[in-house]
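Dear colleague,

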There are 2 protein chains.
Amino acid sequence: MGGLFRQSFRETPMKPLPDALRKFVADSPVCRIATVRDDGAPHLIPVCPVFDGESTVYVDIGDRSASAQGVRKSGDVAVLVDHYEDDWSQLKAALLYCRAEIVQGDEQDRAWHMIREKFPQHSTVSWEPRLTLALRINDWRQWGVID
Amino acid sequence: MGGLFRQSFRETPMKPLPDALRKFVADSPVCRIATVRDDGAPHLIPVCPVFDGESTVYVDIGDRSASAQGVRKSGDVAVLVDHYEDDWSQLKAALLYCRAEIVQGDEQDRAWHMIREKFPQHSTVSWEPRLTLALRINDWRQWGVID
């Protein structure tokens, strides 16, 4: 999957995520991920993520989904972790610009260990490993998570 | 803004949204919208939408935002309205494939009348009309909203 990864991105060191932002991402049960479809139109889905605590979000998606097609085409994925309340002083959001890598073997096993631990309900929907993505955070923005 | 609208889309009649889906979209206080950035990468933001009850979602976004740039470039916007619960039998989502039109005048006024009515808290953040988008639904998918 090395071809998916733009070298130019790796050469720019990412500003590390502050602790409050790491906790916000790690604790969120759901996020939304946007990709670009084959026809150039945007696509997005809700997905249940796990976070390695540093710079990688893991998600597992349908192998033939439009999101999977978008990842195979470009590898650019935007991840939005947000929290809505009717009291708008409490709105929080983190936008993570990521490069996706399809992971297998040990890294997929580690991701799935985290998924099974964070989401014990995975068994209620017979969720088993499909296309597991490591979303490597290259840049980020946040609103309301950090003062 | 006619140039933003692909004629080919308008020639395909949209399958009307079932009542349960209209209510789900109308009642949701937040949705996420995905666009494509100038550099081809996906982008997404949370936004508070109103719905005309038929086929148009209205949102109001920053005029210089990356989302606004994406809309001006292509006009394709994906709108995700979803509901998360830890009980995964209760997950619901509607994905709306839309064409964006920037609206002004009477249509913008009607949109803002709905925004002020649905979100009385708009005044707490001094939210006034900026770039108001009519997101015309051309196609849609749903999961869990309709049995």
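**The sheet of chain B**

Eight bridges connect strand 5 of chain B with strand 6 of chain B, and these two run antiparallel; strands here are DSSP runs of E of at least two residues, helices are runs of H or I of at least four, both numbered from the N terminus, and two strands pair if DSSP finds at least two bridges between them. The model is predicted, so that local features need pLDDT of at least 70 and side-chain atom pairs count only at pLDDT 80 or more, while totals for chains, interfaces and linings use all residues. Residues are numbered from 1 along each chain as its sequence is written, and chains are lettered from A and ligands numbered from 1 in the order in which they are written.

Within this pairing, Leu80(B) has Leu95(B), in strand 6 of chain B, as its bridge partner. Seven strands of chain B form an open sheet in the order 2-1-5-6-7-4-3, with antiparallel pairing; strand 2 and strand 3 (50-51) of chain B are its edge strands, each pairing on one side only.

**Where the chains meet**

In chain B, 25 residues are in contact with 24 residues of chain A, contact meaning that their C-beta atoms, placed from the backbone, lie within 7 Å. Strand 5 of chain B gives the most to the side of chain B that touches chain A, with five residues.

**A loop residue**

Ser126(A), in the loop between helix 4 (105-118) and strand 7 (131-143) of chain A, has a positive phi near 55° although it is not glycine. Ser126(A) counts as exposed because it has 6 C-beta neighbours inside 10 Å, where 12 or fewer means exposed, 20 or more buried, and anything in between partly exposed, with C-beta atoms placed from the backbone.

Best wishes

Technical notes
Contact = placed C-beta atoms within 7 Å.
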